[in-house]
Amino acid sequence: MSTETKPEEPHVHGPDCEHEHPAHGEPAHGEPGHVHGPDCDHDHDGEKPPEKLKQSVVITNVGPCRKHIKVTVERSNIDQLMDEKVKGLVGDSWVPGFRPGKAPKQVVIRKFKKQILEEIRGQILYASLEQMAEENDVAPISPPNLDVEKLVIPDEGDFIYQFEVEVRPEFELPDYKGLKLRKPVRNFTDEDLAKEEKRFLSRYAQLIPKEGAAVKGDTLISDIATTLGEREFGKVQEIALNVDDTLAFKDGVIRNFGDKAVGAKAGDVLDFDYVLGDSVADPSLRGQTAKMKITVKDVKATRFPELDENFLGKFELTSVDQFRERLRQTLDSRLEYAQKQSIRDQILEKIAASSTWDLPQDMLHRQARKSLARKVMEMRDSGMPEDEIKSRQRMLEQNVLENTKIALKEHFVLQKIAEVEKIDIQKDDVEAEIERIAAQTGESVRKVRAQLEREDMMETLAAQLIERKALELILNTAEFEEVVIEEEKQVSNIETQTVPGELQDPTAVPPEAKPE
């Protein structure tokens, strides 16, 4: 007697699906989510569903990026499978009181009915879902809210099941070839290189007393008090604040800090707008703009380490020229990242100009963590130093849902272009990328792969490779106007929170946004 494994939750291909898809999103045979359909040529313990189901599908829009799907499988499909299974069981089964293979059909049905119906349910459901996907234009981005164990094959009549699923937004692609785009460029000068050198060395510098006013790169030893209206919710004493363009605390940001901080002296009191982010301990303060009063107690200058053999040896460098060449590579990588982001923004802007599609909040909540992880992966891919990645990540976390919306729109646009152009990647492409990351980071290939798998980022890596190819296709046909960009604003991380309490995970899914 042959048996069929109970079905797992049907696999649906989304932007961050964790399965490896050998050909355009299809899970390999034997993987969770492989759908045994009418065209599957693998042996499933001798069981084979009908070649073509007789079914009807009704798809209804029930909200932004959400569809309700009702599937009706005609009774004839069930009866056909039932007859095949019962015929096999009558010949093979052993029933007490009857000789092997001699039990009446109705007795066999009564004894094995539950098992037969479970097997039929699995076969019918797999075949039905696969056929529905082939015959209908549905592009799911998350698993459907379909509880397989609650589905029942009726004794009479058709088998009906229904579910809701999130789908990709529907939009038309304008002509994306031959676009006129602006390309940010910058010729780095010796002055730029000197600033980058100070920026790097400041991580290993000492603070020393200073007379006079603060300049960029100095540190203000200060007391801070943060208020919203009449409410004072944060006081910190003797905190070191780097004189940089922007200060990123753990739960908020001061933009344009350097505008007022340059020229400050001991005894000065400075007032700033303080924008609280999504990680603030008190959820009622999220997104609020508070006031921060900074009382300067002292000004410290920075004493940088000598670029001697001992210091350079920490980074496996043998000369100052090598050190500065690495800094220049960092500047080039930062510019390359800025160029990619600028071009993506322009492409998205052109798509948005011809489309009005939006993304629901619950989707943004659920995709926030992986969207942020994708951005971090892109920054690492560009060769950006970890401290700078951390600064940018903290800025992204300040308004995580809005940044997730932008990132998801980028993803959907580039994925659709990849589909139109039939851009695909193979397993070898992913392996080559893992090897490249390993070489860049100095880690072993095995360790990089294990980390990606542990963080559930393998599918994200694959999606990133597809999007990169789509972006390259656009760039190869685009016309560029070079635009000189100004020096990037520098962000300084302050490892302090201003609101007492436990920091919130800005990418956590709130209870009301969790899927059914």
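Trainee: Why does arginine 199 count as partly exposed?

Mentor: Its relative accessibility is 22%. Buried means under 20% relative accessible area, exposed means over 50%, and partly exposed is in between (1.4 Å probe, protein chains only). The value 22% falls in between, so arginine 199 is partly exposed.

Trainee: What should I keep in mind about the model?

Mentor: This is a predicted model: local features need pLDDT of at least 70, side-chain atom pairs count only at pLDDT 80 or more, and totals for chains, interfaces and linings use all residues. Residues are numbered from 1 along each chain as its sequence is written, and side-chain values use heavy atoms, with hydrogens and water left out.

Trainee: What makes the contact of arginine 199 with glutamate 196 a salt bridge?

Mentor: A salt bridge needs a side-chain nitrogen of Lys or Arg within 4 Å of a carboxyl oxygen of Asp or Glu. Here N to O is 3.8 Å, so the pair qualifies. Both residues lie in helix H3 (residues 190-201), three residues apart, about one turn of the helix. Helices (H or I, at least four residues) and strands (E, at least two) are DSSP runs, numbered from the N terminus. Glutamate 196 is buried, at 5%. Both residues also belong to a network of salt bridges with Arg334, Glu388, Arg392 and Glu488.

Trainee: How many salt bridges does this rule give?

Mentor: The count is 48. One of them joins arginine 380 to glutamate 386, with the closest N and O atoms 2.8 Å apart. Arginine 380 has a relative accessible area of 38%, so it is partly exposed. Glutamate 386 is partly exposed too, at 45%.

Trainee: Which parts of the chain does the pair of glutamate 170 and lysine 67 link?

Mentor: First the bridge: the closest N and O atoms of this pair are 3.2 Å apart. Glutamate 170 sits in the loop between strand E3 (159-166) and strand E4 (180-185), while lysine 67 is in strand E2 (residues 66-73). They are 103 residues apart. Glutamate 170 reaches 59%, so it counts as exposed. Lysine 67 has 8%, so it is buried.

Trainee: How do you know that the buried residues of H10 lie on the same side?

Mentor: The buried ones are Val430, Glu433, Ile434, Ile437 and Ala438. They cover an arc of only 140 degrees around the axis, so they share a side of H10. That arc is taken from the directions from the helix axis to the C-beta atoms. On the other side, Asp428 and Ala439 are exposed. The cover over the buried residues includes helix H7 (361-381), helix H11 (445-454) and helix H12 (458-477).

Trainee: What makes the 21 Å reach of H10 close to the expected one?

Mentor: The expected span is 1.5 Å times one less than the number of residues. H10 (residues 427-441) has 15 residues, which gives an expected 21 Å. Its first and last C-alpha atoms are 21 Å apart.

Trainee: Why do strands E6 and E7 count as paired?

Mentor: Two strands pair if DSSP finds at least two bridges between them. Leucine 220 has leucine 241 in E7 as its bridge partner. In the hairpin, glycine 229 takes a positive phi near 65 degrees.

Trainee: Why is leucine 125 called buried?

Mentor: Its relative accessible area is 2%, so it is buried. Leucine 125 lies in helix H2 (residues 105-135). It touches Leu146, Val148, Leu151 and Tyr161, not counting residues up to four places away in sequence. Contact means heavy atoms within 4.5 Å.
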